[in-house]
Amino acid sequence: MSDYLAGILGGFVALADPVILAYLVIGFLVGAFFAAVPGLTAVLAIALLLPVTYSLDIVPALVMCAAIFMSGMYAGSVTATTINIPGAPSSMMTAIEGNSLMRRGEGANALGHAALGSMIGGGIGALLLILVAPVTADIALLIRTPGKFSLVLFALVVIVIAQRDAIAKGTVAALLGIMFATVGVDVMQPVARFTFGTELLVEGINMMPIIIGAFAVSEVLVQASMRGASRTVDLEAGAIPRIRRRDFLPTRAEIREIGWWTYLKSAVIGYFIGVLPGAGGSMAAFVAYAEAMRKSRRPQLFGKGSREGIAAAESANNSMCGGAYVPMLMFGIPGDPTTAVILGVLTISGLQPGPRLIETQLPLIAPMFAALLVSAIVLIPLTLFLFGPYFLKIVSIRRAPLYSCIAVVALVGAYVATYSTFQMALALFFGVLAFFMRRAGYPTVTLLLGFILGPDLEQYFRRGLSLNHNDPTIFVTSPDSLFFLGLTVFFFYFMVIRPSRQLNADEADGTNRQQTP
């Protein structure tokens, strides 16, 4: 344990290096910019950064990713509050309350509460990641091959059912991702498959084209398909009165009214939801917001400008950042779309996620942990203080030149990552595919996560069968496998079956009331 703590302290010392500190600050500002502009996300920022990581050392690359992750989660609240357009999906609950305050002339105060919640939640999430990571690694060593298969299956099921109203479409997208992952050399034998007679597919489909295509190219096509005024960000923000920096500071009375327990509880909720693969910041913010409303002494204010609602949602979605790293580092299972792209950075750099990653590569991982904490407790309030009055001008950038640049950077990045025009063409193909999927309501996130998790699912399944002479009962007799299968059934019941039954009961009750004279 002493060696682990020394390694973590070494991570903070590494941030004192001016070069690494510069990468931290640049990453934070890039993430804040991308999240503040509607349609741009932290996922897109890291996806565009991915080709650059080939020329960077692993430490500055991971530090930049951590800073982008944290700032991207926070900065989505900027446009959510000012023009009621969440810069990130996790800021939807903040838009409800923050924009209500904005219309009353209290936008700066709403942004201040969002920053305070993000700072507290992000700090707690990073601390929990640092403290709990060694325990999680020890537990992970107890999981054998059958359990790993059931864990990956659990992750895929949770990712799909997290889509709520699009479970069927999420299933199709995940299966499509798994199918694309099977192209190339077999995971167990040196045999090429599904190459369709071309040598170009023998090496398989690189992760870079599908990431850049699904997130960058498809977003460019979505923006290009818009008409007229929708091609530019709403300029309503320009009509907002001049704001002083001290207006961003929440008052002590407001903080006491919210209560420190709300911040702490929301952060813990966000962290543990982040640990669940595929849950993401949106679910963390919604659950914490609902819990805050349930326990609030003034629930009637929710939906009309509740500062407590802003604090709960922002504390949870930023705390989720720390939790999302746990399954990604321990099992190679991304906790959300951003960590899915960060997993690509790890893979490109030659780091293999697993229970022993922290033990063997702590000098490389610790600076990333430190960057999460510093980004939360130092850079979030500092950024708001320095740039708060200018956030409204950032969101007025015209989309046409912005997305034109993104298109060029994305395709060039896909080529630089592989030096293959074929892989660059695949990025364009996946971009077009993701564009039509999004128009039809199919989640592209499940496509990417299916592509990432598919090889592990197949590999652990086939290895498990070989360990038991091709007898599949090993998956229902191994204790670790049974645990995750039971967890899968538990989540499926409470996230799909029970809400469906409740909805049917409510509809039946409403019908009976209408028929009663």
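**Stop one: rings**

Eleven aromatic pairs turn up here, counting Phe, Tyr and Trp rings (six-membered ring for Trp) with centres within 6.5 Å; planes under 30 degrees apart are stacked, over 60 edge-to-face, the rest tilted. This is a predicted model, where local features need pLDDT of at least 70 and side-chain atom pairs 80 or more, while totals for chains, interfaces and linings use all residues. Numbering runs from 1 along each chain as its sequence is written, and side-chain values use heavy atoms, leaving out hydrogens and water.

Select Phe-180 and Phe-429: they pair edge-to-face, 6.4 Å centre to centre with 85 degrees between the planes. Phe-180 sits in helix H8 (167–181) and Phe-429 in helix H18 (421–439), so the pair ties together parts 249 residues apart in sequence. Helices here are DSSP runs (H or I, at least four residues), numbered from the N terminus. Phe-180 is buried at 16% relative accessible area, whereas Phe-429 is partly exposed at 43%; buried means under 20%, exposed over 50%, partly exposed in between (1.4 Å probe, protein chains only).

Next, grab Phe-461 and Phe-475, a stacked pair at 5.4 Å and 15 degrees.

**Stop two: a charge over a ring**

Pick Lys-169: it lies over the face of Tyr-442, 5.4 Å from the ring centre (the rule: NZ of Lys or CZ of Arg within 6 Å of the centre and within 35 degrees of the ring normal).

**Stop three: helix H15**

Finally, show Val-378 in helix H15. Val-378 is partly exposed, at 40% relative accessible area.

Definitions and conventions:
Helix = DSSP H or I, 4+ residues; strand = E, 2+ residues; numbered from the N terminus.
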